[in-house]
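Thanks for coming, everyone. Please bring the structure up on your screens, and we'll walk through it together.

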Amino acid sequence: MPEPGVAPAVELTDVRVRRGARDVLLGITAQIEPGQVVGLLGPSGCGKTTLLRCIVGVQAHVRGTVTVLGRPAGAAVLRPLVGYVTQAPSVYGDLTVRQNLQYFAALLRSTAAVDETLATVGLAEHATARVDRLSGGQRARVSLATALLGRPQLLVLDEPTVGLDPVLREELWSTFRDLAATGTTLLVSSHVMDEASRCDRLLLMRDGALIADETPRALLERTSTPDLEQAFLALVRATAS
């Protein structure tokens, strides 16, 4: 439950996006409370990335209201307060890990310590390596590190664990929990349902609509299913009938 007097980290009210002749988002309304790890889950193509783009303020033609940390999404004042990690690593392959972080820190005018951030994402030993010589999982960590440089209050991650092996996924989720423990709010999208159990709260999407907004335990109890994948399927069947 949110604390009295504490504003939501994100507030969505009847958010709609139409692309060409297709409605991508069909009126999303939800709140994300501070300090939570919230999973945005659903199959590929259901609108997760579009919703994340609305929250960080880079999506065009948005109807409805998107408020982030008490301000309209995309407001200039939010730039150092919101970290965004896209599906594809958005870093420079011909620079070292440390050079990438130094560059983005200069852009953000951030006072965050580069070496401290490298340690947070487990890349201290690879600081002098060129990014294009790292593994896919390590490149994903570099992107995460650049997003952490502004000491964000909200961290938006678009399928950050796709393609990672189980050990790297476990390590990355451990990092997410550590960040949440310091007060950072995390919104993590995924189409892998077994990651849902790692979240404090779930937003489940299908075909541009929000079909559930509750804790993993509440979802299991409501659907009387043994796991979250079965719970999601039960919701899909219920909404289709």
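Let's start at one glycine. Setting aside neighbours within four places in sequence, Gly35 is in contact with Ala180, Gly183, Thr184, Thr185 and Asp200. One caution before we go on: this is a predicted model.

Where does Gly35 sit? Look in the loop between strand 2, residues 22–32, and strand 3, residues 37–41. Is Gly35 buried, partly exposed or exposed? Its relative accessibility is 25%, so Gly35 counts as partly exposed. Now compare sequence and space. Gly35 and Leu186 are 151 residues apart in sequence. In space, their C-alpha atoms are 7.4 Å apart.

Next, pick one of the partners of Gly35: Thr184. Thr184 lies in the loop between helix 5 and strand 8, which spans 185–190. Which residues does Thr184 touch, leaving aside neighbours within four places in sequence? They are Gly35, Gln36, Pro152, Gln153, Leu155 and Leu179. Here is another pair to find on your screens. Thr184 and Val37 are 147 residues apart in sequence, and 8.6 Å apart in space, C-alpha to C-alpha.

Now go back to Leu186.

In soluble globular proteins, nonpolar side chains tend to be buried together. Here, the largest nonpolar core has 45 residues. Which members touch the most other members? Leu144, Leu186 and Leu204 do. Helix 5, residues 166–181, gives this core its largest share, six residues.

Let's turn to helix pairs. Take helix 4, residues 136–148, and helix 5. Their axes come within 11 Å and cross at roughly 10 degrees. Angles under 35 degrees count as roughly parallel, so helix 4 and helix 5 are roughly parallel to each other. Who makes the contact? On the helix 4 side, it is Gly137, Arg141, Leu144 and Leu148. On the helix 5 side, it is Leu168, Glu171, Leu172, Thr175, Phe176 and Leu179. By class, this contact has six nonpolar, two polar and two charged residues. As a reminder, an α-helix has 3.6 residues a turn, so residues three or four places apart point the same way.

Now the other pair. Helix 6 covers residues 216–223, and helix 7 covers residues 228–240. Their axes come within 9 Å and cross at roughly 55 degrees. That makes helix 6 oblique to helix 7. Which hand does the crossing have, left or right? Helix 6 passes helix 7 in a left-handed crossing. Helix 6 brings Pro216, Leu219, Leu220, Arg222 and Thr223 to the contact. Helix 7 brings Leu228, Ala231, Ala234 and Leu235. Sorted by class, that contact holds seven nonpolar, one polar and one charged residues.

Last stop: helix 1, residues 48–56. How many of its nine residues are buried? Seven, so helix 1 is mostly covered. They are Lys48, Thr50, Leu51, Leu52, Cys54, Ile55 and Val56. Just after helix 1 comes Gly57, with a positive phi of about 85 degrees.

That's the tour. Questions, please.

Key. Residues are numbered from 1 along each chain as its sequence is written. This is a predicted model: local features need pLDDT of at least 70, side-chain atom pairs count only at pLDDT 80 or more; totals for chains, interfaces and linings use all residues. Side-chain values use heavy atoms; hydrogens and water are left out. Axes are lines fitted to C-alpha atoms, for helices over the stretch in contact, and angles run from 0 to 180 degrees between N-to-C directions. Helices (H or I, at least four residues) and strands (E, at least two) are DSSP runs, numbered from the N terminus. Angles under 35 degrees count as roughly parallel, over 145 as roughly antiparallel, 65 to 115 as roughly perpendicular and the rest as oblique. A crossing is left-handed if the near helix is turned anticlockwise from the far one by less than a right angle, and right-handed if clockwise. Contact means heavy atoms within 4.5 Å. Ala, Val, Leu, Ile, Met, Phe, Trp, Tyr, Cys and Pro count as nonpolar, Asp, Glu, Lys and Arg as charged, and the others, Gly among them, as polar. A nonpolar core is a set of buried Ala, Val, Leu, Ile, Met, Phe, Trp, Tyr and Cys residues joined through side-chain atoms within 4.5 Å. Buried means under 20% relative accessible area, exposed over 50%, partly exposed in between (1.4 Å probe, protein chains only).
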